[in-house]
Amino acid sequence: MSLRHVAILALPLLAIACGPEAQIKRQPGSWSQKVEVLKLEGKGASPQVQAQMQKMFDAMAAMSVCVTPAAVEKEDLAKNLEQMGSRGQNCTFSNRDATGSTIGFDAVCKQAGGGSMKLTARGSNAPTEQDIKMTMVGTDAAGKQQGTMEMRVRAIRNGDCKPSDITLPDLPPNHPTVPEAGLKP
């Protein structure tokens with residue numbers, strides 16, 4: 001499993017928000033996110049590759065996103081985690097804590113052609129900030145470890161939305177991550 005596959009699988013998880021039961025909703029407004037690559041090991045995981053990946057994440061941190069009240073209402077980590085399988089991720093969860101002030105999950109996602117990706121995330125959640133440490137460990141079809149990526153994702157609300165913020169378009173009603181789509185994992 002390549003580092004590219006690790007990054008592609010990790011990026012959707014960077015949008016973690018809180019779940020529906022005893023949930024702590026993010027406050028609408030301007031949000032920025034910083035991703036810190038803590039560990040990168042495996043084939044092709046040189047210090048230069050880690051520095052390049054960190055540089056990409058640092059460039060993304062310079063952007064702020066306007067999280068609208070409508071977007072906050074649609075955020076549902078528990079449903080998003082359940083629906084990873086229906087979006088082709090083929091994940092099985094052994095733990096899902098998406099409520100309250102903590103976030104945590106453990107999953108194993110089978111990869112096309114064999115092998116798997118073990119995902120672990122733990123962190124804190126509040127209306128104005130989130131801090132999550134994620135670890136991804138890839139193995140080949142024989143179960144041999146191929147690579148590890150550990151990262152810390154911190155998101156913070158910076159006040160009201162600004163004209164320079166990126167406002168993401170609403171997802172279509174039939175999109176798998178929209179709660180009213182009614183799709184089952």
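Entry 1: I looked up M63 and found its place in the loop between α2 (47–61) and β2. The model is predicted, and I read the entries below accordingly. I then checked the exposure of M63: the relative accessible area is 39%, so M63 is partly exposed. I noted the patch to which M63 belongs: M56, M60, M63, I166 and L168 make a nonpolar surface patch of about 440 Å².

**Entry 2: pairing of β1.** I next asked which strands β1 (residues 29–42) is joined to. One partner is β2 (residues 64–67), which runs antiparallel to β1 and is joined to it by four bridges. Within this pairing I located G29, whose bridge partner in β2 is V67. Another partner is β7 (residues 145–157), also antiparallel to β1, with eleven bridges between the two strands. Here I recorded that V37 stands opposite M151 of β7.

**Entry 3: confidence.** I looked up the confidence of the chain and found a mean pLDDT of 78, with 72% of the residues at 70 or more. I then examined residues 1–21, where pLDDT stays under 50; for this stretch the model has 61 contacts beyond four places in sequence. Residues 176–185 likewise have pLDDT below 50, and I noted 23 contacts in the model for them beyond near neighbours in sequence. Where pLDDT is low, the predicted coordinates should not be read in detail.

Methods. Residues numbered from 1 in each chain as written. Predicted model: local features only at pLDDT ≥ 70, side-chain atom pairs only at ≥ 80, totals over all residues. Heavy atoms only, no water. Pairing = 2+ DSSP bridges. Patch = residues over 30% accessible without salt bridge, like charges linked within 9 Å, V, L, I, M, F, W, Y side chains within 5 Å. Areas by Shrake-Rupley, 256 points an atom, 1.4 Å probe, with all protein chains shown as cover. Salt bridge = Lys/Arg side-chain N within 4 Å of Asp/Glu carboxyl O. Buried < 20%, exposed > 50% of the residue type's maximum accessible area, 1.4 Å probe, protein only. pLDDT = per-residue confidence, 0-100. Contact = heavy atoms within 4.5 Å.
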